[in-house]
2 protein chains.
Amino acid sequence: MEENSKQYAETAIPQVEAETVDLEERDPESNSLTRPLLKRNRTLSSSPLAIVGTKVSHIESLDYEINENDLFKHDWRSRSRAQVLQYVFLKWTLACLVGLLTGIIATLINLAVENIAGYKLLAVVAYIEQERYITGLIYFTAVNFLLTSVAAVLCVFFAPTAAGPGIPEIKAYLNGVDTPDMFGATTLIVKIIGSIGAVSAGLDLGKEGPLVHIGSCIASLLGQGGPDNHRIKWRWLRYFNNDRDRRDLITCGASSGVCAAFRAPVGGVLFALEEVATWWRSALLWRTFFSTAVVVVVLRAFIEICNNGQCGLFGRGGLIMFDVSNVSVRYRAMDIIPVVLIGIIGGLLGSLYNHVLHKVLRLYNLINQKGKIHKLLLSLFVSIFTSVCLYGLPFLASCTPCDNSLPDSACPTNGRSGNYKQFNCPKGYYNDLATLLLTTNDDAVRNIFSTNTAGEYNPVSLLIFFAIYCILGLITFGIAVPSGLFLPIILMGSAYGRLLGLAMKSYTNIDQGLYAVLGAASLMAGSMRMTVSLCVIFLELTNNLLLLPITMMVLLIAKTVGDSFNPSIYEIILELKGLPFLDANPEPWMRNLTVAELADAKPPVVTLHGVEKVSRVVEVLKNTTHNGFPVVDDGVVPPVGLPIEATELHGLILRTHLVQVLKKKWFLSEKRRTEEWEVREKFTSVDLAEREGTIEEVVVTRDEMDMYIDLHPLTNTTPYTVVESMSVAKAMVLFRAVGLRHMLIVPKYEAAGVPPIVGILTRQDLRAHNILSAFPHLARSKSREKGH
Amino acid sequence: MEENSKQYAETAIPQVEAETVDLEERDPESNSLTRPLLKRNRTLSSSPLAIVGTKVSHIESLDYEINENDLFKHDWRSRSRAQVLQYVFLKWTLACLVGLLTGIIATLINLAVENIAGYKLLAVVAYIEQERYITGLIYFTAVNFLLTSVAAVLCVFFAPTAAGPGIPEIKAYLNGVDTPDMFGATTLIVKIIGSIGAVSAGLDLGKEGPLVHIGSCIASLLGQGGPDNHRIKWRWLRYFNNDRDRRDLITCGASSGVCAAFRAPVGGVLFALEEVATWWRSALLWRTFFSTAVVVVVLRAFIEICNNGQCGLFGRGGLIMFDVSNVSVRYRAMDIIPVVLIGIIGGLLGSLYNHVLHKVLRLYNLINQKGKIHKLLLSLFVSIFTSVCLYGLPFLASCTPCDNSLPDSACPTNGRSGNYKQFNCPKGYYNDLATLLLTTNDDAVRNIFSTNTAGEYNPVSLLIFFAIYCILGLITFGIAVPSGLFLPIILMGSAYGRLLGLAMKSYTNIDQGLYAVLGAASLMAGSMRMTVSLCVIFLELTNNLLLLPITMMVLLIAKTVGDSFNPSIYEIILELKGLPFLDANPEPWMRNLTVAELADAKPPVVTLHGVEKVSRVVEVLKNTTHNGFPVVDDGVVPPVGLPIEATELHGLILRTHLVQVLKKKWFLSEKRRTEEWEVREKFTSVDLAEREGTIEEVVVTRDEMDMYIDLHPLTNTTPYTVVESMSVAKAMVLFRAVGLRHMLIVPKYEAAGVPPIVGILTRQDLRAHNILSAFPHLARSKSREKGH
């Protein structure tokens, strides 16, 4: 999905610009209602556009804040103990279901991949044994072409959001950004089938990222999220219809996905915590852990079944994928030098990979802009190139005689897996490059991680392997199929690690296989910039606890080196897509700006009265794109003992709730405040959780236009606010810490005539790039004061 | 330190009450200045008292909020790139130093304990070999008595805060509560020596909790925290003098402590994350991980040295303490039943333990109130009781013949460690109870975790072991020595696990040692209610990754069962001590109350003018105990285009800064606002970081009283605020999420005559118990609406 990315911060690509202009023409902000009093050269632009799948879409924020209006309070007060218990029980049941379904789907994907790729490889080996090399090549390429085209056609024509890993979008969702069509049923199905196709086709991509996305899709569907047309709406799920609960469930889904991908339950939890989630609490830690525990139980159960040979070519593997526990690790003080070296090189290579991948994605973007056929052709070209390389390159390697200490059945092999592939070699010899290339990616990692096999790989073969996987890793990621980043990076890293191990052979006594593991870890840290979660994932993948201290060192060094060059790969993708992700740390220059200055650069805030005319509500909804409106009452006598009239800030009302009122035609013939029972007769809290309907669908008659609406019972009376003198830095901390969608700015002055609301800030207003474009002088100080 | 705990929420113990009354007599809140306008039956009491060490102390909150006043902004703007780099470098250097020092001290403690306890046990074994049983008893008891008295005397007379584990106080510190004398140099030294004494004395306590406290003390001292008299003040540390940086460093210290205690680097990070820390961010995860990595490197280096036999009786152990990796784990579906059973029983026993320990601590409290000698006598009594039990009980066990398959050197043994102790048995026989009791606690765990030793322990012996450790675990924790909770619970849990394993012997093929491990895990989860961190700690302790799925199951079940009875043991201790810890989740009934109602129940807020008379500042400081005062300007013309006069909320000024102004006598002869350079001539941002000095120390002459102070440059212009209609629930979420000390309440009305500030809330005001005592009607709805 990165293929049509756009650098949000830089000059836009022509087609995108055209669409933006188009949107701006229709942009109701330019309407007279909201025109600023003073003409400014620059205003704070906050058009929330992002690249989703193939097209540029409007992005909305999620409502993570508790909307405390009268209906919510009543609903919450009237819940019986049984209903509360039902809700708690539901939360855990759904967490369990997420784990269960993710585990089952992950197993099915694994089964499908191992069988499809397995039978394909067996057929190829049969052709080679008959020395029908050209037929083998054609067969290999054709099957891969077919598998890739299934994946690509599905992604291009049915669910463009299913392409790529999906992890950046999940990260954005948990940050509060609702990427459209990201977690629907279609996306889920395309992702599953596409992932099977792409991985079996031998493309240089993993199923790990897609599994994380699959877990999140399942979670979102169970939490009644996703696009309206395919949403699950069950009565027993009715308490589970808000963004906050869905957020928690999607966190569980993401952890389950990682757990299913790497069979690493603790690693999954930590991955969600370190990389994906924005908000976190202890209770969530526990529920996520429960989900991953369920996944592990499911995986174990399937492995038990498959061990009895009922899964075709699947069956090996066990609970730990790349086991290196059979080597004992004893360090000497001198081993610190290669370890540091691996870390530094991993950091350098990782940041270089990020840099080049960024360029490639921008290039792919240009190609993909040309249309769906171009996207498809790009994918198919990559498939053919990959097939030819994987098949052809092993012919470059010379045959190596088998080690005599090995049994005849182990070397050479012609079966599905095996560490010493015969390929084109005579009996008693093996082709080390075929061992690495002509196999599934999982087996390739297993082979290169293999321990106590010091002399197995020729340096030249390793170099070819490293080079080809660098190229494939760069050109494959951006194509229109579901693709994970983990495995390509592990393959690249293990190759360079093992090469370094060969170079250091005379110097240390660390096993060659461990060098491969450390190399993979360092490149992961250098590119993805995770530490604790990667450490635990590697621990759980390799089943060797004694490796822990050096893995930690390598990860820390690689991350530090990488961070000094560029941001992590996920941040680069987020930026490319233009998703309005809010970072944890405000920029230093944000301390020099107050929220009032920020609000001044925006069109003035549009407020509504507590009891408002229908015509005004309709006008405001039609002429603005705001999603929240402050509700203000005039002429109120405050209880301070003085006979004065004041204006009162009553709260904030959401656009969706106004639309609901108009759709349900809850109008009053006279201007009066309603009683609590009146609103409860018309609305339930479940109604308010709906996001459906737009103002365009609402039909209001001329008579109704003159009637009134009492907004009080639907207004969130407890919005989070800041005083106008608040610095943007601290406002942003608040915005992110409590997960806001709208933040009201109240005046610091107290006097008659001062409006009770100065402005309103949203996610877009707090993004560094948007602020800098409105306040260019800050950009100048920025360069000087960088660092924190 | 729990020995003098007090249930804050219930009737106070006489002596404490006396002190409280005494404090209230001196309480300046009863002064006319702050007397409420309306007489209320109940007001929101927020006297911040807690039990610290032996005495009741006033507790202050920490300033985790960034104090954005003119000086801070200037200081921050004027920092050069080099200074910023220096600051970043310093942060990492200190994190490294914390790990380094914690690792070294942990090793030294281990060395000391193993040697002292080792030589003691060798001497006892020698007496027993000579059948001089009474002499052995006397020697054993006397040495233990001596060691205990060293620990207890130090704790009672020099650093009462060093008693107990210290983890609850660290938890409170990271939540924003500054427990006095908790992280000083004296505490550190007493904790180290006391811990060595108490553990070598064979008391039923661990060095794990104290190590966490030691790590935090080191961190606090390096971060220039701690009591003023022993604080480290180095010039190169001057940028590192605020509560926020100290908080991060203490988090590193706590992780390092856990890591050093269990040799579990990832477990340490997760423990800090799950149990100890209140605020967390990705960057901190990384730094904490770095600290624990350093600890592991230090530990490994020492183990390498000790393996060469240079550490006396220390030397075994390796990086993993209780290794059970030599058993292969293969589950059948039926194994689920014992696993679930262990979890349920663990949860029940854990919550029962919490319940009984709570009662015991309250009883000890009464004893300890009587004076220091009583505290000392209690500790010494427990020591004698423990010694007699440990020595005497093995005589009850019958001798078991050695298994013939074992070599002669392995059974029976008379050395320092060993799994088959001869004790009083004839040659060829061993005493299984002596193997468990007459050894160090670490060795006892190692022996009971030992795998592939199915028939080693007699059920009767295990039952005796379990019973005596239940009793010891309850009576030992509250005495005045540094004591950790982990090891007692592990001992109890492993005994019951192994008992259950014996009972299930015919049913499953899970190893007896694994039953012990699972039992220990279940009791930990049942009492401490952690999941992920315990799981990883057990993983790293036992070095068996295949145990992971069942450990997860056991932990989840035990925690769920335990949670349905009572809170975790740390929460119980926090409550007993009266530390104002803010929970993550607001109580449901807090939605029914607004912050304005809460503010109404407090004395009216005391505000200062932007340019204020010295006499008024002195009066306010002397007559209130508030630590922050809103600064309000009258007669300001707001820039709204209207010729009106308004009152302006300028911000919040801290008491410490007012005291600094008075001490430095920065007075103005006329009423005017100052220029920025004027304040910079007098104050640096380092000055403002000081918390020293009280109003009583300040001498102001009569002439000076008539002068003025310009408070503007020292006022935090960006305090976090809420509107008066905000619900207490959401206000509390904000308070905790951004780590506040003071939260200002602004009015929702806008009119002349409305004060620009409605009230001020602190941590104490938001505590459920305090609110309920002022609003008793909420307590009634509470019982109905419990649950979340």
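## Domains of chain A

The C-alpha centres of domain 2 and domain 3 of chain A lie 23 Å apart in this predicted model. The domain assignment, which is automatic or taken from a database, gives chain A domain 1 (2–60), domain 2 (70–307) and domain 3 (333–398 + 441–577). Residues are numbered from 1 along each chain as its sequence is written, and chains are lettered from A and ligands numbered from 1 in the order in which they are written. As this is a predicted model, local features need pLDDT of at least 70 and side-chain atom pairs count only at pLDDT 80 or more, while totals for chains, interfaces and linings use all residues.

## Contact between domains 2 and 3

In chain A, 44 residues of domain 2 are in contact with 38 residues of domain 3; contact requires C-beta atoms, placed from the backbone, within 7 Å. Helix 4 (133–157) of chain A is among the elements that give two or more residues to the domain 2 side, and helix 4 of chain A gives the most, with 13 residues. Helices here are DSSP runs of H or I with at least four residues, and strands are runs of E with at least two, numbered from the N terminus.

By class, the domain 2 side has 25 nonpolar, eleven polar and eight charged residues. Ala, Val, Leu, Ile, Met, Phe, Trp, Tyr, Cys and Pro count as nonpolar, Asp, Glu, Lys and Arg as charged, and the others, Gly among them, as polar.

## Annotated transmembrane regions

An unreviewed UniProt entry places the feature "transmembrane region" at several spans of chain A, including residues 133–159 and 462–492. Such annotations may be inferred rather than shown by experiment; feature names are shortened and positions follow the numbering used here. Residues 133–159 of chain A are 93% helix and 0% strand, with end C-alpha atoms 38 Å apart. For residues 462–492 of chain A, the end C-alpha atoms lie 10 Å apart, and the span is 71% helix and 0% strand.

## Interface of chains A and B

Contacts between the chains involve 73 residues of chain A and 74 residues of chain B. On the chain A side, helix 10 (residues 282–307) gives the most, with nine residues. That side divides into 49 nonpolar, eleven polar and 13 charged residues.

Strand 14 (residues 749–750) of chain A pairs with strand 10 (residues 646–654) of chain B in the antiparallel sense over two bridges; pairing requires at least two DSSP bridges. Within strand 10 of chain B, B:Glu648 is the bridge partner of A:Tyr749.

Notes. Contact = placed C-beta atoms within 7 Å.
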